Amino acid sequence: MRGDVILQQVCQMLTIVLLSPLLHGFIVTMEEKVQRGRGPSLFQPYRDLYKLFRKEIVVPQTASWIFWAAPIVAFSAMLTVPILIPVLTDYPLPLSDMGDILGGGLILTLGGFAISLAGLDSGHPYGGLGSSREAMLSILAEPTLIMVFVGITLLAQAMLPFVVNHLLAASPAVFWSPAHLFLVAAFFILLTVETERLPIHSSIHYEIYMIGEARILEYSGPLLALLKWASWMKQAILYTIFLNVLTIPWGLSIEGTALGLLGATLALLAKWAAVALIMVFVDTAQSRLRFYRYQEPLALSFLMALLAIVARQV
C-alpha cells in the first residue's frame, strides 16, 4: 500500500474532523444574520470544544456504562464513514471497500442509536423524551433512507458512492433524469431531519420540544464535547454525501496531488456554504410546527424515493 494514498485518506478524515465545527459555526452565524442578530463568531464551536474538554465530567448516579460508552461509539462511527465516501478524491482510497453507501448509513445510524440509549440510561425525563421522539422520527426516516439507497442502486447499478459519483459526473442524461431529481429531493428532506433543521426541532435548551439536545442534557465536560463534535461531523458527512455523490459530483481531486487536495477542500467548503444557506432559509422561513406533524415531510420524502424507483424502471 503506497504511502501517498494513505496520506490522502488521512486528509479526508481530517477534513471532516477539523472543518465540521466551522460548518456548524457558519450555519449558526448565518441564522442570526437572517434574523437580524449579530450572532457568534464562525470559530465559536472551536472555543466551545476547548472549554468543554477542560471541564470536569459529572455523571448521574443512575447512569451505567452505556452513558460512558455512547460518546465514544458516536464519535468513532463518525470517524469511520469518511473512509467510505468521496470527500476529496473521486477514486477509492485504502479501506474504502470496507462497505458501500448502505454500510455508511448503518454506521451513522449506530451513532444515533448509541446516543438515544444514553438518553434513556441517564434517567432524566428530558433524556427519555428526546430519545422517544428521535425513535418516532426514525420509524419513517430509516425506511425512507433505505428507499433512497435502493433508488441510487437502480440508477447506477451499484451501491458504491464512487461509482455513483462517476456516473452522474460523466452522464448529463442520467444527471437530469426524473429518477435522479426525485432522489435529490428525497435526500434533501431527509437532510433536514437528520441535521435537525425540520421546523419541529429546536436546539434551544429551555424549549420543551427539543429533540437532539434533550438526549444529551445530562452530559458535561469532555463527554459532551465528543457528542457535540460527533453531531457536527454527522452534519458534515451528510452534506458531503448529498453534494459529492448526488448533487454536485464535480470539484474532486483526480490525481491526488497536494494542489488538487487543496482545491478539492476549497470546493467542498463552497458546496457546504451553498447547502448551509439553503438550510438556513428552510429553518427560518417556516413557522415552527407541532411535533406530531413530523410524518408529513417524511412521507413526502418516501414518496419521492418511490417515484424515483418507478421513474427508473419506466
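**Entry 1: Arg215**

I began with Arg215, which I found in helix H9, a helix that covers residues 212–215. I note at the outset that I am reading a predicted model. Is Arg215 buried or exposed? I looked up its relative accessibility, which comes to 9%, and Arg215 therefore counts as buried, the limit for that word being under 20%.

Next I followed the side chain of Arg215 to its polar partners. With the side chain of Ser116 it makes a polar contact of 2.9 Å, and the side chain of Arg215 also reaches the backbone oxygen of Gly112 at 3.3 Å. Leaving out residues up to four places away in sequence, I listed what Arg215 touches, and among these residues are Gly112, Ile115, Ser116 and Gly119, as well as Gly127, Gly130, Ser131 and Glu134.

**Entry 2: salt bridges**

How many salt bridges does the count give? I found two, and I looked at each pair in turn.

In one of them, the side chains of Lys234 and Glu194 meet with 3.1 Å from N to O. I checked the cover of both partners: Lys234 is buried at a relative accessible area of 17%, whereas Glu194 is partly exposed at 23%.

The other salt bridge joins Lys51 to Asp48, and here the closest N and O atoms are 3.9 Å apart. Both residues belong to helix H2 (residues 44–53), and because they are three residues apart in that helix, about one helical turn separates them. Lys51 is partly exposed, with a relative accessible area of 46%, and Asp48 is partly exposed as well, with 27%.

**Entry 3: the whole chain**

I then stepped back to the protein chain as a whole, where I counted twelve helices and zero strands. Its radius of gyration is 19 Å, close to the 20 Å that the globule rule gives for 314 residues, so the chain is as compact as a globular protein of that length. Along the principal axes, the C-alpha atoms fill a box of roughly 55 × 45 × 40 Å.

I also looked up how the chain is covered and connected. Of its 314 residues, 50% count as buried, and the chain exposes about 14,700 Å², of which carbon and sulfur atoms supply 69%. Among contacts between residues at least 6 apart in sequence, 81% join residues at least 24 apart.

Conventions:
Residues are numbered from 1 along each chain as its sequence is written. This is a predicted model: local features need pLDDT of at least 70, side-chain atom pairs count only at pLDDT 80 or more; totals for chains, interfaces and linings use all residues. Side-chain values use heavy atoms; hydrogens and water are left out. A salt bridge is a side-chain nitrogen of Lys or Arg within 4 Å of a carboxyl oxygen of Asp or Glu. Helices (H or I, at least four residues) and strands (E, at least two) are DSSP runs, numbered from the N terminus. Buried means under 20% relative accessible area, exposed over 50%, partly exposed in between (1.4 Å probe, protein chains only). A polar contact is a pair of N or O atoms within 3.5 Å; within protein, one must be able to donate a hydrogen and the other to accept it, and residues adjacent in sequence count only if both atoms are side-chain atoms. Contact means heavy atoms within 4.5 Å. The radius of gyration is taken over C-alpha atoms; the globule rule is 2.2 Å times the number of residues to the power 0.38. Accessible areas come from the Shrake-Rupley method with a 1.4 Å probe; for residues, only the protein chains shown count as cover.
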